[in-house]
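Please read the following report with the sequence and the model side by side.

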Amino acid sequence: MKMLLKLRVAIVLVCACLYSQSSVAAQTLSIIKERGHVQCGVSQGLPGFSNPDDKGNWVGMDVDICRAVAAAVFGDSGSVKFTPLSAKERFTALQSGEVDMLARNTTWSMHRDTALGVDFTGVNYYDGQGFMVRKELGITSTRELDGASLCTNLGTTTELNAADYFRTNNMEYEIVAFEKADEAVAAYNMGRCDAYTTDQSALYAQRLKLTEPSAHVVLPEIISKEPLGPVVRQGDDQWSDIVRWAHFAMVNAEELGVTSANIEEMTGNTNNPEIARLLGTEGTLGEMIGLDAEWAKRAIMAEGNYGEIFAKNIGEETPIGLARGLNAQ
């Protein structure tokens, strides 16, 4: 009888906990509006994606996604605060409600999408895992890394990808893992490992932090698919739709030729019905997600269309110098 009573109590507690989590998740927009800002989880400092500038302001491609969402909701791209998170703690922070969304160079994987209680809302950068080595080693291919030690980050897809690659190619290796990305970069910089491995875009970004960036080379091979994108908690379709379509609005704007420079001119002055719907002068797109008619216009005006934020933060004219590649229209 006592065991049955304990079982009933346990079931009630579990159900109450699940109901509570579902209830919180389902009212994200209301909580954000009452609070007055979006709380966005970002990296601890990845140039080009999310990194504080010399004045302490967060900048980067992921940061611009957060600002676009804030603009869509509040009409003010400044109505957002940033929480720097390690790879290991990012999902816990999202699940617990510490942040409303992640925009933190996070790979969309099946395990994460099905087992962690989170939803990916899209892809804002198609990436893949690569390797960086010192030029003086004379290595030109990942196939020459047999027996190498690899610096990398805990809590990422990197370790499994490396294990799969080296096993498939009958190569030996040693992982030297760190919780913080800066720790991994510093260890590689000091020569504690032969190579540094992470997403290739991050390799180009982190290379800027090395003592002598030009003394290091990113190898050409990519060993995995890493679709990176924003993440929200499961259980709130409205909030998921807002984050998803704020991102899509920037992508669609580039395709349609709408930029931060011409958006005001195009508003109410276009014969293209797609542009008219995007900018809110026709249709009811805003009503579908609980926002007003100009939500997408504000998201685009915040930092520009997708092409603009790519070029500004990580494009070929920036120190990171990435070509569009798979991320082209």
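A patch is made of residues with over 30% relative accessible area and no salt bridge, where like charges are joined within 9 Å and nonpolar side chains (Val, Leu, Ile, Met, Phe, Trp, Tyr) within 5 Å. Lys and Arg count as positive and Asp and Glu as negative, while His and the chain ends are not counted. A charge is placed at NZ of Lys, CZ of Arg, CG of Asp or CD of Glu. Accessible areas come from the Shrake-Rupley method with a 1.4 Å probe, and for residues only the protein chains shown count as cover.

The model is predicted, so local features need pLDDT of at least 70 and side-chain atom pairs count only at pLDDT 80 or more, whereas totals for chains, interfaces and linings use all residues. Residues are numbered from 1 along each chain as its sequence is written, and side-chain values use heavy atoms, with hydrogens and water left out.

## A negative patch

On the surface, E89, E98, E179 and E183 form a patch of negative charge. One of these residues, E179, sits in the loop between strand 10 (173-178) and helix 7. Helices (H or I, at least four residues) and strands (E, at least two) are DSSP runs, numbered from the N terminus. Why does E179 count as partly exposed? The relative accessibility of E179 is 33%, and partly exposed is the class between buried (under 20% relative accessible area) and exposed (over 50%), with a 1.4 Å probe and protein chains only.

## Salt bridges

A salt bridge is a side-chain nitrogen of Lys or Arg within 4 Å of a carboxyl oxygen of Asp or Glu. How many salt bridges does a search of the whole structure find? The search finds eight.

| Pair | N to O distance |
|---|---|
| R35 and D100 | 2.6 Å |
| K312 and D64 | 3.1 Å |
| R298 and D292 | 3.0 Å |

In the salt bridge of R35 and D100, R35 belongs to helix 2 (residues 28-35) and D100 to the loop between helix 4 (90-96) and strand 5 (101-102), so parts 65 residues apart in sequence are tied together. R35 is partly exposed because its relative accessibility is 32%. D100, by contrast, has a relative accessible area of 2% and is therefore buried.

At 42% relative accessibility K312 is partly exposed, whereas D64, at 3%, is buried. Both residues also take part in a network of salt bridges that links D64, E303 and K312.

In the pair of R298 and D292, the positive residue, R298, is buried with a relative accessible area of 16%. D292 has a relative accessible area of 42%, so D292 is partly exposed.

## Disulfides

A disulfide is a pair of cysteine sulfur atoms within 2.5 Å. Two are found in a search of the whole structure. With the bonded cysteines of the protein chain numbered in sequence order, the pairing is 1-2, 3-4.

C40 is buried, at 0% relative accessibility, and C66 is buried with a relative accessible area of 0%.

The other disulfide is formed by C151 and C193, whose sulfur atoms are 1.9 Å apart. C151 lies in strand 9 (residues 148-153) and C193 in the loop between helix 7 (181-189) and strand 11 (195-199), so parts 42 residues apart in sequence are tied together. Is this disulfide left-handed or right-handed? It is left-handed, because the torsion about the S-S bond of C151 and C193 is about -110 degrees. Both C151 and C193 are buried.

## Positive phi angles

N105 has a phi near 30 degrees, a positive value in a residue other than glycine. N105 is in the loop between strand 5 and helix 5 (110-115) and is buried, with a relative accessible area of 17%.

N170 is also a residue other than glycine with a positive phi, near 50 degrees. The loop between helix 6 (158-168) and strand 10 holds N170. Is N170 buried or exposed? At 70% relative accessibility, N170 counts as exposed.
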